[in-house]
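Please examine the sequence and the structure shown below.

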Number of protein chains: 2
Amino acid sequence: MSGIELRTVGWVRGGRGAAEDDAWDRETAAIELDTSWLTAEALQGLAEFSHAEIVFQFDQLPESEVVLTARHPRGNPDWPKVGVFAQRGRNRPNRLGVSVCRILGVDGTRLLVGGLDAIDGTPVLDIKPVLAEFLPRGEVRQPDWSRELMADYW
Amino acid sequence: MSGIELRTVGWVRGGRGAAEDDAWDRETAAIELDTSWLTAEALQGLAEFSHAEIVFQFDQLPESEVVLTARHPRGNPDWPKVGVFAQRGRNRPNRLGVSVCRILGVDGTRLLVGGLDAIDGTPVLDIKPVLAEFLPRGEVRQPDWSRELMADYW
């Protein structure tokens, strides 16, 4: 059996109300822990890091829009058809997002962040500190289409 | 309700058989897609990227070992007690891992990777290409203990 049951650790509060593709870096928001099972202790020490990695689910995307076949990123025919695991778009299996944001502060059970590309109300599944040692080892190589796609993203 | 049901997209095959903390970078392994619902098309174009980010679950860790309170990383009293979201260790809510590995190649429904810190049999929940634009914007700052912890990790 391949089902895995996870539990929301919190939710994005504030920031953008609807998914739009670009200019995310100016957004600020909070991640509020689910205090039915987590306390402020879970965030202790996180403010000593500059960045956090947030695992969340694009829950507003209908599961019927998940695509398993190759497609043009953002539907742009100028870019090649690539598989869903060669893209970072929303309509993917499990609808998981993983994004790095700036840590602005910790206030009790709220983590204040900047530049998180997740909308108000998004369920969060994990919060991890960014360690330089967990960044890619060796030079990052990527196709040209992905650089064009990201040109205005942040 | 805060439960989220996910479906395994594949499994780690090969590499290390048991969790050990250090020297992961010499490991090679494959991620085999679950072919009951995914095809080789899902990996199309991924080999044009140098690195992939893998979301997986530390399923061999008993849920009873998940810690929600602050603790010394790796139990080392020389390091400060920090919350579970200020660490990247296994015994965390949802037992999720997110790691960057090198892409060695794609062979049908198998993604060949180097330096993935997940053991043989680990269920995989997502595969994303690493785009330089999704790395931290701005300088990464982190406490000294985290650098000491990572000294021999890869």
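**Two copies and their contact**

Chain B is superposed on chain A by a rotation of 180° with 0.0 Å of shift along its axis, at an RMSD of 0.0 Å. The two copies are therefore related as by a two-fold rotation axis. Such a superposition is made by least squares on the C-alpha atoms of residues with pLDDT of at least 70 in both copies. Of the residues of chain B, B:Glu5 comes closest to the rotation axis, its C-alpha lying at 2.3 Å. The same surface serves both copies, since 100% of the contact residues of chain B recur in chain A.

A note on conventions is needed here. This is a predicted model, in which local features need pLDDT of at least 70 and side-chain atom pairs count only at pLDDT 80 or more, while totals for chains, interfaces and linings use all residues. Residues are numbered from 1 along each chain as its sequence is written, and chains are lettered from A and ligands numbered from 1 in the order in which they are written.

How many residues does the contact take from each chain? It takes 66 residues from chain B and 66 residues from chain A, where two residues are in contact if their C-beta atoms, placed from the backbone, lie within 7 Å. On the side of chain B that touches chain A, at least two residues each are supplied by strand S1 (3–7), strand S4 (51–57), strand S5 (96–107) and strand S7 (123–129) of chain B. Strands are DSSP runs (E, at least two residues), numbered from the N terminus. The largest share of this side, six residues, comes from S7(B). By class, the side has 35 nonpolar, 15 polar and 16 charged residues; Ala, Val, Leu, Ile, Met, Phe, Trp, Tyr, Cys and Pro count as nonpolar, Asp, Glu, Lys and Arg as charged, and the others, Gly among them, as polar.

Strand S1 (residues 3–7) of chain A is joined to S1(B) by five bridges, and the two strands run antiparallel. Two strands pair if DSSP finds at least two bridges between them. The bridge partner of A:Gly3 in S1(B) is B:Arg7.

Attention now turns to a loop. Most residues other than glycine have a negative phi. B:Asn94, although not a glycine, has a positive phi of about 70°, and B:Arg95, also not a glycine, has a positive phi of about 50°. B:Asn94 is found in the loop between S4 and S5 of chain B, and B:Arg95 has its place in the loop between S4 and S5 of chain B. Are these residues buried or exposed? B:Asn94 is buried, because 21 other C-beta atoms lie within 10 Å. B:Arg95 counts as buried because it has 20 C-beta neighbours inside 10 Å. A residue is buried if 20 or more other C-beta atoms lie within 10 Å of its own, exposed if 12 or fewer, and partly exposed in between, with C-beta atoms placed from the backbone.

Conventions:
Helices (H or I, at least four residues) and strands (E, at least two) are DSSP runs, numbered from the N terminus.
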